[in-house]
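These are my notebook entries on a two-chain model.

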Amino acid sequence: MTAGDAGLEFKVSDELAAHEPPEARGLTRDQVRLMVSRVNDDVITHARFFDLPDFLDPGDVLAVNISATINAALEAVREPHYGDARDVMLHLSAPLSTTLWVVELRRRAAKGTSPLLDAEVGEQLRLPAGGIAQLVAPYLPEAGGLQNGPVRLWIADLRLPKDALAYAARYGSPIRYAYVPKPWPLSYYQTVFSAEPGSAEMPSAGRAFTPQIVQRLIRKGVRIAPLILHTGVSSLEANEAPYPERYRVPQATALAVNTARSLGSRIVAVGTTVVRALETLADEDGHVRGGHGWTDLVITPERGLRAVDAILTGLHEPRASHLSMLEALVGRDHLALAYDSALDHHYLWHEFGDLHLIAKAPGRTP
Amino acid sequence: MKGSSKEKTALITGASRGLGLALARGLAGRGWNLILTARDEGRLRSVRDELATRTHVAAIAGDVTDPIHRYALAVLARGHAGIDAVINNAGALGPSPQPELLDYPVDVLSAVFETNVIAPLGVLQAVRSELKHGARIINVTSDAAVTPYSGWGGYGSSKAALEQLSAVLAAENPSLRVYWVDPGDLRTDMHQAAFPGEDISDRPLPEARVPAFITLLDSDFPSGRYVAAALGPAVVEAA
């Protein structure tokens, strides 16, 4: 692994991808592995997720995303005169209104799907149960991007027999990429915190939590504070900035974060989604307010982190924006050390894989 | 049916009824791409279905006082490669019949200002980076903004604020054309609400004022206040 300007460079071989949920590998959710890395002394500990309470302190606030995953993948059929692929997938990413959604179109392949780039404005796709999606305009999260080039994400007008979330629940399936060969029911894509449907893809850092772990954390005095960030599709090209996403941070969560910070306790974000939401609402001193909206915040080492002291997250692909967020927390050198260790120890990548607790300051207990 | 950068795109708020609908129909007939918004989803859908046979229409239901909805308008505008005109037409009359100012519930007045003053500026802030050079901004106002009619203090003062806001915008943005336009009394649901139970059939239909708006969009008049009836619709029809 070398540290270039483009970020950490390494290769995630196929054996390092989690191809199925840990339950299918004979493990419980909380038996996935947990790498704990401390930046102050570069100590890296390899544990199991059920050991998590040992690495947290009374008073620490664990901020969790309570967004639930939706069946965002819908089978769609194109009209014959459009493009060469007829049977495609339409992935719901985020709603702009009750009927207008940001969607991604993908080709169906023998193994997974791949981006479909030749769709056109005005094109109508047939969805299950008489639903129709009409492509209204390209979705261009960055000004000037893509204007005359191929379009991957669209703003689509959905004409459905029922409300889009109810429709997806009935006719859709969870979004799945090629590294997960078999379909799994939606319940495999929910966490113990999932409450409000809206995420196109699972906020996966919370997946390993079980009621027993939550119970042990509460007994220890760790506070759990909820927020919502509905994830959009994650099928970004390398080095592409993450899309804007919808979030809501309750006043009570902001208060819990600010109180803990004033007492010297740590804010531990469960997942990059939580980091994005909290940091969107954090002022320069790390004081967080409640609020809701869309965020296009991208955390870079230059921007830095203001409110979050530690992140529990999965292992990320090279050149992913998530890595730049982790680098903002602990710096390139420590991150390189940790990822070297994860590769050496054959950690598993992706949403069904292993986890990494990464902190800039040590807890009070080792 | 297809959007292209050669065609012009207009964003119209309050597009499901009255003047907003008439303007949408008028611009559709002239080949403009349309981004339409209104609160009433069902009505907006039927407007979309009607106009989609004539031009490219993106219809998005929502409330312009909601920043999340205004963000969605900006996303749509970007998808259309920028916009040539914003018509801030959505407005709130306030209670019907309208109370005199000393009886006016101030929380309702606040909501009227939210819709008639804050939201139009909020829309412009949201789409500012999507405005093409020389884009036309039309803020729909009223003679009640400049004439102190009894009973029109809430609506009238909000439109007066919108006019001053428009004038300052024009001063601050010489690259834009900002027009605040009094369409005159029209036979609309809002006008009927202002005169509950009265016969307003002597007022012209909103379609009568569309040519005046087209004149403003097609010409290069200086920013300023315009009275639609004075813009000479007959001349425009001949053009």
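Entry 1, the contact between the chains. I found that 17 residues from chain A and 19 residues from chain B take part in the contact; I counted two residues as in contact if their C-beta atoms, placed from the backbone, lie within 7 Å. On the side of chain A that touches chain B, the elements giving two or more residues are β12 and β18 (291-295) of chain A. β12(A) gives the most to that side, with three residues. I took helices (H or I, at least four residues) and strands (E, at least two) as DSSP runs, numbered from the N terminus. I sorted the residues of this side of chain A into eleven nonpolar, six polar and no charged. For this I counted Ala, Val, Leu, Ile, Met, Phe, Trp, Tyr, Cys and Pro as nonpolar, Asp, Glu, Lys and Arg as charged, and the others, Gly among them, as polar.

The model is predicted: local features need pLDDT of at least 70, side-chain atom pairs count only at pLDDT 80 or more, and totals for chains, interfaces and linings use all residues. Residues are numbered from 1 along each chain as its sequence is written, while chains are lettered from A and ligands numbered from 1 in the order in which they are written.

I noted that the axes of α4(B) and α5(B) (residues 153-172) come within 9 Å and cross at roughly 20°, with axes as lines fitted to C-alpha atoms over the stretch in contact and angles running from 0 to 180 degrees between N-to-C directions. The crossing angle therefore makes α4(B) roughly parallel to α5(B), a term I used for angles under 35 degrees. Among the residues that meet are L109(B) and F113(B) of α4(B), and Y155(B) and L162(B) of α5(B). The residues of this contact divide into ten nonpolar, three polar and one charged.

I looked up A129(A), where phi is near 55°, a positive value in a residue other than glycine. A129(A) is in the loop between β11 (124-126) and β12 (132-138) of chain A. A81(B), also not a glycine, has a positive phi of about 60°, and lies in the loop between α3 (67-79) and β4 of chain B.

Which of these residues is buried, and which exposed? A129(A) is exposed (12 or fewer other C-beta atoms within 10 Å), with 10. A81(B) is buried (20 or more), with 20.

Technical notes. Parallel < 35°, antiparallel > 145°, perpendicular 65-115°, else oblique.
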